[in-house]
Amino acid sequence: MKKKILFALTVSLFSLAMIISAHSQEDMAFVDNDAFDNPRRPPALFRHDHHNELAQIEECNACHHVYDENGRLVEDESSEDQRCSDCHEIEASGRQPALMQAFHANCKGCHKQKNKGPTMCGQCHVKKPAGTN
């Protein structure tokens, strides 16, 4: 009897873990563009884990950067728990680029620097297939 209860509990916990992980950032399919009122293009296609595996990115702060009050990159800090729009506004502010500029500088800039990955608009901004996030 105890084995059946333990088995049922294990299966339930495993199922719950799978459901939670299905909704995590790692499984995202598109970059969140909710901050834009009237986006001109669909959100950029971006499969987080797949991208990082191909690019051999292991440290979150490679993309999820943090800058100090003097505008210097903080090497060992990561902003992975925040949305880009938490720091970047629609319009540029001082030394901080606008949200769209920040996306493009971070993503497209890296692709150009490494001479790998898409750099043309339509390569990332594709129409969402039916039934996706």
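Modeller: Let's start with H3: the buried residues here are Leu99, Ala102, Phe103 and His111. Buried means under 20% relative accessible area, exposed means over 50%, and partly exposed lies in between (1.4 Å probe, protein chains only). Helices (H or I, at least four residues) and strands (E, at least two) are DSSP runs, numbered from the N terminus.

Colleague: Where does this model come from?

Modeller: This is a predicted model: local features need pLDDT of at least 70, side-chain atom pairs count only at pLDDT 80 or more, and totals for chains, interfaces and linings use all residues. Residues are numbered from 1 along each chain as its sequence is written, and side-chain values use heavy atoms, with hydrogens and water left out.

Colleague: What covers the buried residues of H3?

Modeller: The cover includes H2. Contact here means heavy atoms within 4.5 Å.

Colleague: How far apart are the end C-alpha atoms of H3?

Modeller: They are 22 Å apart. The expected span is 1.5 Å times one less than the number of residues.

Colleague: Where is the kink in H3 centred?

Modeller: On Lys108, with a kink of about 25°. The bend at a residue is the angle between axes fitted to the seven residues ending there and the seven starting there. Just after H3, Asn115 takes a positive phi of about 55°.

Colleague: New topic. How many salt bridges are there?

Modeller: A search of the whole structure finds 2. A salt bridge is a side-chain nitrogen of Lys or Arg within 4 Å of a carboxyl oxygen of Asp or Glu. One joins Asp32 and Arg83, at 3.2 Å from N to O. This pair links distant parts of the chain, 51 residues apart. Asp32 is in the loop between helix H1 (2-22) and helix H2 (48-55), and Arg83 is in the loop between H2 and helix H3 (99-114).

Colleague: Which residues meet in the 3.6 Å salt bridge?

Modeller: Asp68 and Arg72. Asp68 is partly exposed at 24% relative accessibility. Arg72 is exposed, at 52%.

Colleague: And how many disulfides?

Modeller: The structure holds 0. A disulfide is a pair of cysteine sulfur atoms within 2.5 Å. For Cys63, the nearest cysteine sulfur is that of Cys110, 6.4 Å away. For Cys84, the nearest is that of Cys107, 7.6 Å away.

Colleague: Is Cys63 buried or partly exposed?

Modeller: Cys63 is partly exposed, at 28% relative accessibility. Cys84 is partly exposed too, at 40%.
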